[in-house]
Amino acid sequence: MITVENLIGGKFSTTDLSLVDRSPSDGSIIASIPRTKSIDDAVEAANDAFESWSALSLNERADWLDKIANALESKSDELARLEALDTGKPLDVALNIDAKRSILNFRFFADFGRNMPAETFEMENATNFVIRKPVGIVGLISPWNLPLYLLSWKIAPALLMGNCIIAKPSEITPLTAHFLAQVCTEIGLPAGVLNIVHGLGPEVGHAIVSHPRIRAISFTGGTSTGRMVAATAAPMFKKLSLELGGKNASIVLEDADLEITIPGVVRASFLNSGQICLCGSKVLVHEDIYEEFIPLYLKAVADFNIGPVISEEHAQKVLSYIELAKQEGGEILAGGNRSNRLGAWIEPTVIAGLSHLSRTASEEIFGPVVTIHKFSTDEEALDMANCTEYGLAGSVWSKTRGMEVAKRVESGMVWVNTWLHRDLRVPFGGIKNSGVGREGGMWSIGFFSEAINICQMQH
Ligand code: NAD
């Protein structure tokens, strides 16, 4: 049993009340975590640390990011073990996706910071110098699906730009944030620069969002939670980045190369048990290749290794969508049931025969459930892809027309003949109800800094 603690001002502490963290694989209790309600001491600690942290040069802070990356890398097996324990995902996924990317986030922003070009704009008789100042104390709130991967994606650029942090990981997956806190303490990251507080969203999460001394909120989570976060933070004129839900389509055109398309679309459907905001949970297949596609896809689904979903509560939600799909007239082509194991295991489920306007095909399920639809023209495929309130991601599979169709998908990110192929310099984020703002490369730098212009006249 692990005791997760808050990290505040360089010291570990618990609270009088605690929460339990359960294994999704078998339901057993694996950790106790603090149930924090007030963040005043964390804000105080961040405030005390701010002056000296923000006074370091960009290169000095980049060196700290590299130190964190090196320390995490030297313990990446332990990091992956904790992530797999907390989320139930297969160990190789935790190692090759979660641990690898968490380390890379720190390394990437260290390099990015060192190589950032000076932003100057010459006029005939003056020069404009764009100076990037830290925002101040920033609040970072993250979900359970890719725990340290997503939290470190916020922590690294926030630290780089000289901010001090109050971070709140999901209460469902607190282990690797605690691990990061221990690593940062071991390497001597100055006290108060990174504070990590644990607890429930409506309690400690809300305390972060509503605290007047916190000047920016970077939030990743569900659209309905994001709406509440925005309602609280916007009237306080906080900077706000919202990375929210999605209902993404994988569009398979008639000329798709099935050798790459089948494994690619299966991965987009079921990686992390379908619990990635970018997952393609709506598979649209051209009628000319539909009959050929289905058996190949189902065979590849049967061979794909997935873990349980995150919790019993989430399993119930996912199963209720499978029931809904049956009521809506869907035909279950694969799965459809709990697996015969202890814990929150659900078979990879493929459903055909539903309207793309059905609830099952329009709402975010965030589990191993995919609907398949047949189309006859590009226009029809795009209508099916775009008819949702979300606009996060998508993929198009075609030998010749991928780019053409991709430009017409209404979402922040589209892949052609691949999925989740990430360059950390590019903008990441959604349109419509999938979010506000972008993260990644210069977009993260922009969010975690205040760009100030100084115009110097030449006389
Ligand atoms: P969630 O919205 O329930 O929780 C996210 C975080 O917000 C958690 O840390 C939670 O404790 C906190 N929270 C909850 N209520 C809060 C409140 N009132 N004030 C402040 N914080 C609060 O989401 P989840 O179930 O953890 O994650 C799944 C969702 O996240 C899915 O909708 C998924 O699409 C989305 N997601 C989006 C992205 C993206 O980049 N767009 C990435 C991953 C996950």
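Mentor: The lining of the second largest pocket has five nonpolar, one polar and four charged residues (Ala, Val, Leu, Ile, Met, Phe, Trp, Tyr, Cys and Pro count as nonpolar, Asp, Glu, Lys and Arg as charged, the others, Gly among them, as polar). The model is predicted, so local features need pLDDT of at least 70 and side-chain atom pairs pLDDT 80 or more, while totals for chains, interfaces and linings use all residues. Residues are numbered from 1 along each chain as its sequence is written, and side-chain values use heavy atoms, without hydrogens or water.

Asn96, Ile97, Lys100, Arg101, Leu104, Tyr149, Arg267, Leu420, Arg422 and Leu424 form this lining (a pocket is an open set of points on a 1 Å grid over the protein atoms alone where a 1.4 Å probe fits, with protein on both sides within 12 Å along at least five of seven lines; lining residues have an atom within 4 Å of a point). Helix H4, residues 91–114, is the main contributor, with five residues (a helix is a DSSP run of H or I, at least four residues). Domain 1 (2–244 + 434–457) and domain 2 (249–424) each supply at least three lining residues, with bounds from an automatic or database assignment. The pocket volume is about 240 Å³, the space filled by probe spheres set on grid points joined across faces, edges and corners.

The shell around the ligand also draws at least three residues from each of domain 1 and domain 2. That shell divides into 13 nonpolar, eleven polar and four charged residues. H7 gives the most to the shell, with five residues.

Terms used:
Helices (H or I, at least four residues) and strands (E, at least two) are DSSP runs, numbered from the N terminus.
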